[in-house]
Structure formats: structure tokens, C-alpha cells
Amino acid sequence: MNKIINLTKVFLKTSFSNMNTQMGMPSKSNKIVSKILYVVLFLYLAAIVALFSGGMVESLKIINQQEIFIGLILLVVTAFCVIQTIFSSINVFYFTKDNEYILPLPLKPYEIILARTNVLIITEYIVTVLIGFIPLLVYGVLTSVSMSYYLLMFVALVLVPILPILLVSIIVMIIMSFAKITKNKNKFQLIATILVLSIVIALSLSTTKLQDDITNEQLAHMLVEANGMVDLLKGYFPTLDYAISSLTSDSIVVALIELLKVLVFTISGVIVYVFIAQKIYFKGLVGNLFSSSSKKKNIKINTNKYNNSKLYKSYIYKEFKCLIRNPVFFMQCLLPAILIPLLMIVMVILQMKNSITPQMSEQLNSFNGNTFIVACVILGVIQFFSMFIYIAITAISRDGKNAIFMKYIPVSLYKQYIYKCIPNIVMGSITSIISIVVANIILKLDMLMIVLVFIAAIIMNVAESIILIIIDLKRPKLEWDSEYAVVKQNFNLIFPMIISMIAIFIIILAGVFLTNINVYIGIIILSLIFAIILYFANMYLYKNQNRLASRIM
Amino acid sequence: MIEIKNVSKSYVKGKKSVDSLNLDIKDGEIFGFLGPNGAGKTTTIRMITGILDIDEGDILIDGESIKTNSLQAKKNFGFVPDSPDMFLKLKGIEYLNFMADIYEVPKEKRVEKIEELTKKFEIYDELNSQIQSYSHGMRQKIVICAALLSEPKNWILDEPMTGLDPKSSFDLKEMMREHAKSGKTVFFSTHVLEVAEKLCDRVGIINKGKLVFVGTFDEMKEKFKEEGTLEELFLEITEK
């Protein structure tokens, strides 16, 4: 048991400790600042979740169906664990570099398996606090339940995530040990993640109705409908059913018995899991370790492979290749730029088909979209989408220890920073184009406005990219053992959101203070504001190019 | 030619990792840089190549200061870092082309050099594969090929023999000798004392950040008045 705990600690430390050391050798004040940032962020998210939960519980109380809320929250926790585990289990079990060091150690197979599984479970608990604990706490307060509810809720939230994590891990292990495709880590990850994303998109499309401006009664009705999904999942995760019964029961004895059932099922699940995992995990793991050194004999090199290009072209191509060929970076950095706006288009089209009445259509046709407020809304939407593009904020960290390369080649650091920003700018431009096209379909904008909005979006995008690369340079995460750590266990990822929020705030301020201004002048003023920010960010990057690279060593 | 002038570096205040280092590596010379783990070898190499800032002193590469004229100085050397795990998602040929673009190697020259170097190191047939599929030794070879592609006058190699098979190791040593014979400079760090003894014109031994010996092996034996093996001499110097 001690070995499992120690091994879990080591695995956890290697994946999370880097988050604290991102500031190099942090001073006391830096540590305090980052702790305050964590707390503020957590409180901010917790407040949003609490408010949302409160609204839902109040809606359900109207039709006296508030208990459905418990089922829905446990469903969300379960669904989140399933999706998250598909992404993380492949990395935690198979693609961490420490596998080579762990395998030769005198550890029993189940010790390694349980320690790795603990990492998955503990990681999920962090999110469970936000999406499970807080909503159920709000529920408890609003429905004035007894004190025993809180204790039962705590135990239920500790137990419920375990079974889904075990199930997904076993499926991943089975695929890894049998599928030939897993010899290619990249393709496997790509296919697995695309599959998960497709499911998520399908689910979000099927619930587009939620986007409407709805009354409390309608919301409650929809929540009852969604409860059908809980019934569907109960078959797969029996603990879900017992946990719901336990938390909704009026009798403490019944509640305890139901919770005991959850415990028994979970323990049985762990035993079966360890038994199966011992049989299949190491087959897949060893296969994977060996496959990485498999050789692919060649094919004569074509002379046109010896292209010589301009340095900027060569460098930017290199950046794109490294982004596209790495499935984790591709999924987390590149894809959201296209996927999220595209999803928006599909949703808008479906929405228009479903809900626009002839009168609304007439109103929309006669609506003059060429106003400054509309321009602000479009720019705000573009900003919102750009917070999901993680290219510039990970531009240095993605190189890992290899980032020292930047410092010994005869190319100025400033130029290299700009080349590294280009993919972010390109993807941001694609997001802008998609958003503007959709806006044009709905609001029929005039050409000059489209051009001006696009220019403003580009200026914002370039400024943001430069600010984000400065942040990554100041707090690079260069010590990582799997690419996943760069795009998930990286505190810097909060900054695209913060920067976008600030940009949206500036846009809102402009919208409020310049409401009646001529649309073109308004956009030009907004562009100028962002151009000034861009100028200062760029000057800072240029003047401090060497100092900013001091953490790369 | 590499001139290291009174160079110091501290990571922690009050503790110098490299302390007042003075060293001249002349043209036509193979210079071996030796020292126990944590002695300051990699720190020194990282300062020479511009990866680390220099706290005190200066380093000149063919007369160009890495501190004040770093771009020009960087054009004057080819560098092989201690870890060859770079650009794993690029194919071998893409990586070499990228490096050739950085060092502005003309097309005809790069075709000739890539073929010559990769055939010599027996990785030509693997150039269309991604570097991540290469073994450690093959990665080391492609990094060496990339560093030598632009025919730099000064070679700076951090543990270049690590992971190389005997033939490649032999070839690299031959190449180092030819390079030095043509009047150019090779500066490399190593832990393998026998390699240093057979290959180097001079060696420098660094210990706890200070240069404790610089000269030929004969001078080393002379200075320490010992007739022991190279290993014994090294231990004698570094444990003093």
C-alpha cells in the first residue's frame, strides 16, 4: 500500500509540480501572487457555477421536481469523467516518458496500475469540486436539507467518478493492446480525440434548444427531458443510480444502505479492473515502447526535397508542421480555431431553420446591421472565440527543453518570436473570417464595414498574440514529460481568457460611450486603441527580446 | 578561434558556477573540455553558444563577441547540444533543410553536404522518416549532420560521442581531425578520457567552476610529476 501511495505522489508531482515552478525560481511574493490568482480564479468559476445551479434548482422547485437536479449533476460529473479520461488516460498510462524508468523497478504490476489510476482519479476530483460539489452544496442550501445530506453528498462525490474512470481506462487498455493502429501513437490519439469531439458536438447540437431565451418553466421542462439521459447512463454505471437514491432519500437508513451499495460496487469494480488491467495493460505498454523505435525503410529522396526557402517561410512552416503533426497540439491549439466558429455556424443555421418565423425574418431583413453596436458585438464574438486558441501562449513551452535552440542559431530572437506568433495570427484570422461571414449572412453588412471589422479583428489578434508570447516567455513550462502537460497542466492557459476578457471589456466600453457614432469612425477608433496596445506590446517584445529569453536555458 | 576572457557565471547569488575562466582555443586545434559532473562544462558551453548570459567577462568567436555581436558570432560556429531530441515531428530531410535555410546554405551546396554527411553516418535511407522514429544514436547523428551542414569554422560539441556506434564514433573523430588539420577549431566536452587523450591537441579540466588545468597530456604528466594512467591523473587533479 505504501508503495502505491508513494508512486502516486511521484506521478502527481511530476505532472503538477511544474505548474508551481513555471516562474523559474519563484520568489515569495511571486508564490503569493500566483496563489491569490488561483483563489480568485476558483472563486470566480465557483460563483458562476453556483449562480447557474441556483437558477436551475429554483426552476425545478416550481414544478416540484428539484430532486432531478441531483441526478443531472451526477450525470454531468460522470459524463465529464468519461470524456476527460479518454483524453488523459492514454497519456497517463502509455505516453509518459517515465514508463521506461518505472518498468524495470521491482514493483508489482497492480501497484503501477493503481498508482496511475490514482493520478486519473485525483485529477478528476479537482474538477468534481467545481462541477459536482458546489452545485450540490447550492442544492442543499436552497432546499434546506438535513445535515446528513452533506456528508452523504461528500462520500457520493468521492465514489461516483471512480467507476466511469475505470471503465474508460479498461476500454483504452483493450484498444491499446489489440489495435494495430496504436503502433502509431499520433494516429491513435487523433482518432480517439476526434471521436470524442464528434460525440460532444453531436450532443451539443442536439441541445441547441438551450440557446433560446426561455422562461423558468421551459427550462424546468427541458431539465426533466434531460433527466432521461440519467436513466440511460444508469445501465452503464450502476453507482449513479444508488448515489441518486441515497441523496434523494428521506430516510437516513435507506440513504446509508444505498451509499453502501455504491461503495460495494466501486470496490468490486476496482477488483475486476485490477484483474483485467494486469492482464492487458503491460502488453499494450511494452508494444508501445518498442513501436517507437520501429524503422521505416526508405524511399529515395526526391531532389526537390532540398528546397531552399526564405528563413521566415522555413521557420513558419516548421512551426505549423510541429503543430499539425502532434495530435495533442493539433487538437488543443489548432482545431478550436476552426471547430468552435464552425459549430457556431451550424447552430445558427439550425436555429434559423427551426425558430425564425416569417415575421422575424421580415424584421431581420429590414434590420440595419451597419451600426457601431453590431460591429462591437461581432468583434466581441471574435474575441470570445480567440480565447480558445492556445498557439501563442504555448509557443515557447511547446518546444520544451529544445527551446534553447532559439538561442544558439544566428537568427534574432525578436524575429523568432514573431515567426512563432504567425500560426496564432493565421488561426485567429480564420476564426475572424468565419465569424464575419456568419454575421454577414444574418445581418447583411456592407462591404466597407466588413473590411473595417476584419482589419480591427486582425489588429486585436496580432496584439493579443504578442502579449501571449510575452507571457509564455516570462513563465515558460519547459520541463514536461508529455505534450498533454503543456496544454492542460499549464497555468498560463488562463491568460488567453483574461486577455480576451480585457479586450471584450474595452469593446463594451467603446460600445457604451460611442453608441451613436458613425459606424466606420467607431471601428477606426477601436482599431486605433488596439493598434496602440499592439505598438506598446511589440516595442516591449523588441526591446526586451534577450531579457525575455533568460528563462530558456 | 574561441577566446574566453575572464568569464564568470552564477545561478545562485554568491556561488559561482563558472569562476573567472580564461581560455584560448586556437585555429587548427582540437580542444577537449573535461571535468566531473556539475563542474561547469555545460554552463561554459552554453555561455560560448549564447544560450546563457555571461555575468562577467566576454567570449569571442573568430573575433566576434557573443555578448555584443551575438548574431555574427553565432554564424561562426556549429553546435551539437547534449540532448539530440529535437524537432521530433519533423522528417530528417525537413530538419536538415530547415537548418540549411537558417545558415543560408545554397541549394547545390546543401544537396552535396546532406548526401555526404548522411551517407557517412548511414542515415541517408532514413531521411524521409520523422525524427521521433530514430534511435538515440541516429538522433545524435542527424544533429551532428545539421551542425556541420553550413561548414562552420568552429565546431562546438557537447558530449558528441554519446550514443554513437563505434563506426560513427570513429568517423566523427576522423572528421574532427580533418577539420583541425585544415586550420579550423574543434571544441568538445567529453567524459571519455581515452577519447580526449587520443584525439585532443590540448585539454582543459574544469572543477567546481575553476579551470584547474590547461595544456597537453605531456604537460599534465609533467606538471603533476606522475607516471600514472590518465584516469589517475584526472582524479588527482579534480580531487585536490
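This is a predicted model: local features need pLDDT of at least 70, side-chain atom pairs count only at pLDDT 80 or more; totals for chains, interfaces and linings use all residues.
The contact between the two chains takes 43 residues from chain B and 37 residues from chain A. The area buried between chain B and chain A comes to about 3900 Å², and carbon and sulfur atoms give 57% of that area. Within the area that chain B buries against chain A, B:Ile51, B:Lys89 and B:Asn128 supply 17%, more than any other three residues.

Between chain B and chain A the count is 2 salt bridges, and one of the salt bridges in the model joins A:Lys321 to B:Glu94, with the closest N and O atoms 3.7 Å apart. On the side of chain B that touches chain A, the elements that give two or more residues are helix H2 (70-75), S6, H3 and H4 of chain B, and the largest share, 7 residues, comes from H3(B). By residue class, the side of chain B that touches chain A divides into 22 nonpolar, 8 polar and 13 charged residues.

S1(B) and S2(B) form a hairpin with 2 residues between them, and B:Val12 has B:Lys15 in S2(B) as its bridge partner. In the turn of this hairpin, B:Gly14 has a positive phi of about 85°.

Positive phi values also occur in chain B in residues other than glycine. Most residues other than glycine have a negative phi. For B:Phe87, phi is near 45°, and this residue is found in the loop between strand S6 (77-80) and helix H3 (92-102) of chain B. For B:Glu122, phi is near 55°, and the residue is found in the loop between helix H4 (107-120) and helix H5 (136-148) of chain B. In terms of accessibility, B:Phe87 is buried because its relative accessible area is 5%, whereas B:Glu122 counts as exposed because its relative accessibility is 53%.

Over all chains, the count comes to 26 salt bridges. Side chains of opposite charge can pair when their charged atoms come close. In chain B, the side chains of B:Asp101 and B:Arg110 meet in a salt bridge with an N to O distance of 2.8 Å; B:Asp101 is buried, with a relative accessible area of 5%, and B:Arg110 likewise counts as buried, at 1% relative accessibility. A salt bridge of 3.8 Å, N to O, joins the side chains of B:Asp19 and B:Lys16, where B:Asp19 is buried at a relative accessible area of 17% and B:Lys16 is partly exposed at 34%.

The side chains of B:Glu112 and B:Lys109 meet in a further salt bridge, at 3.9 Å from N to O. Both residues lie in helix H4 of chain B, 3 residues apart, which is about one turn of the helix. B:Glu112 counts as partly exposed at 43% relative accessibility, and B:Lys109 counts as partly exposed at 27%. In chain A, a network of salt bridges links A:Lys318, A:Glu319, A:Arg398, A:Asp399 and A:Lys420.

Note on methods:
Residues are numbered from 1 along each chain as its sequence is written. Chains are lettered from A and ligands numbered from 1 in the order in which they are written. Side-chain values use heavy atoms; hydrogens and water are left out. Two strands pair if DSSP finds at least two bridges between them. Helices (H or I, at least four residues) and strands (E, at least two) are DSSP runs, numbered from the N terminus. Buried means under 20% relative accessible area, exposed over 50%, partly exposed in between (1.4 Å probe, protein chains only). Contact means heavy atoms within 4.5 Å. Buried area is the accessible area (1.4 Å probe) that two parts lose on being put together, summed over both. A salt bridge is a side-chain nitrogen of Lys or Arg within 4 Å of a carboxyl oxygen of Asp or Glu. Ala, Val, Leu, Ile, Met, Phe, Trp, Tyr, Cys and Pro count as nonpolar, Asp, Glu, Lys and Arg as charged, and the others, Gly among them, as polar.
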